[in-house]
Amino acid sequence: MPSRLPSQRERRRYLLCRTVPAWAEPEPREVFHAICEAVTTLWGDTGAAAIAPAVLDCGRGYVVVRCRRGTETQMSAALATVSRAGEGRLALRQVLTSGTLHSIRRRMQEPNGTSSDTPVVVDGRAFTARRSAGQKVDLIAEEKKSPELLFFTEDDGVVR
Amino acid sequence: MKGIIAALRDKGKGSDLLLVDAGDQAFNRAVISLRGVDVLRQVHRAPRGAFTHVTARMAAEHGVALEFDLQPLVQLRGWPRQRVLQSHVRLLRLQRKYGFPCTVATNARSILDLRSPRELAALARLFGMGEEETLRALAVPSELARRHRGVP
């Protein structure tokens with residue numbers, strides 16, 4: 001089937017969202033179902049059909065969502081109501097809205113303040129430090145059965 | 001009511017804000033007329049008719065802000081969310097008519113419940129609040145705190 005001319009193609013908008021918590025690795029299918037449920041409950045079936053939500057990419061802390069042009073505001077409101085995907089809790093922070101996937105991918109490649117896991121020892125106990133975007137450092141105890149999550153703040157420099 | 005009066009007594013001259021959960025109409029009128037109450041919240045959970053045009057005028061006269069809780073819009077689905085939206089639409093109409101201050105809140109208990117100003121504006125648009133109104137509402141708590149501190 002020959003591809004259509006750019007002027008004849010349907011206009012789309014792409015929304016780049018950051019997943020919260022940053023270390024969450026939700027299944028793309030679960031994210032799609034969560035977004036579809038949010039859109040449908042908020043705007044109804046006819047609204048959802050007009051928006052035509054789709055998840056194009058999911059991973060590395062980002063989700064790329066597609067919608068029809070002119071429905072970005074409805075899509076933004078629906079994305080703000082996503083609070084879980086599958087069994088786990090999840091929030092989607094909108095970062096960028098664009099008409100091309102090129103700019104979305106370029107933004108995804110920019111450093112976002114996250115760093116890879118680094119081992120840390122506090123009071124003789126081993127932790128994995130995960131620095132998220134912002135000023136928060138999470139320390140996750142390296143225990144298989146009951147991993148403990150501690151919060152290490154910049155303000156006081158102590159483990160809480 | 002005794003608890004609120006005790007809280008008002010304990011409230012020093014610092015920057016503390018006193019937020020009160022709304023109740024029935026008589027309770028709301030009594031609370032708004034108390035000097036020192038800053039924000040009336042959870043009005044959407046109060047009985048129907050608890051916040052009328054009389055209460056709205058009193059809130060405007062006493063400078064008591066009304067909170068628009070956006071958490072139910074995120075957490076609820078179906079008719080409970082529709083009820084909250086109806087309540088917010090009605091309150092927003094009163095706010096525009098009488099001009100009492102208002103705030104928007106997510107009542108977040110974790111980072112997962114937090115929303116950015118852009119997302120808050122998108123949620124507030126669901127009940128007709130414009131982006132500028134939302135940003136102004138976000139600044140209200142700090143303005144109230146500044147009023148208590150006596151900073152011009």
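Visitor: Why are β2(A) and strand β3 (residues 62–68) of chain A called a pair?

Guide: They are joined in the antiparallel sense over five bridges. Two strands pair if DSSP finds at least two bridges between them, so five bridges meet the rule. One position to look at is A:Asp57, which stands opposite A:Val64 in β3(A). The strands themselves are DSSP runs of E with at least two residues; helices are runs of H or I with at least four, and both are numbered from the N terminus.

Visitor: What kind of model is this, and how are its parts labelled?

Guide: It is a predicted model, in which local features need pLDDT of at least 70 and side-chain atom pairs count only at pLDDT 80 or more, while totals for chains, interfaces and linings use all residues. Residues are numbered from 1 along each chain as its sequence is written, chains are lettered from A and ligands numbered from 1 in the order in which they are written, and side-chain values use heavy atoms, with hydrogens and water left out.

Visitor: What makes β2 and β6 of chain A edge strands?

Guide: The open sheet has four strands in the order β2-β3-β1-β6 (chain A), paired antiparallel. β2 (54–59) and β6 (91–98) each have a single partner strand, so one side of each is left without a neighbour in the sheet. The twist averages 25° from one strand to the next; axes are lines fitted to C-alpha atoms, for helices over the stretch in contact (heavy atoms within 4.5 Å), and angles run from 0 to 180 degrees between N-to-C directions.

Visitor: How is the sheet of chain B arranged?

Guide: Four strands form an open sheet in the order β1-β2-β3-β4 (chain B), with parallel pairing. Its edge strands are β1 (19–21) and β4 (102–105), each pairing on one side only. Here the twist averages 30° from one strand to the next.

Visitor: How do you know that β2 (residues 39–41) and β3 (residues 65–69) of chain B pair?

Guide: Two bridges join these parallel strands, and since at least two are required, they count as a pair. B:Val39 stands opposite B:Ala65 there.

Visitor: Why is the contact of B:Arg41 with B:Glu67 called a salt bridge?

Guide: A salt bridge is a side-chain nitrogen of Lys or Arg within 4 Å of a carboxyl oxygen of Asp or Glu. The closest N and O atoms of this pair are 3.6 Å apart, so the pair qualifies. B:Arg41 lies in strand β2 and B:Glu67 in strand β3 of chain B, 26 residues apart. Both residues are buried, a word used for under 20% relative accessible area; exposed means over 50% and partly exposed in between (1.4 Å probe, protein chains only).

Visitor: How many salt bridges does the structure hold over all chains?

Guide: It holds 10. Among them is B:Arg96 with B:Glu133, the closest N and O atoms being 2.8 Å apart. This pair links helix α5 to helix α7 (residues 131–149) of chain B, 37 residues apart.
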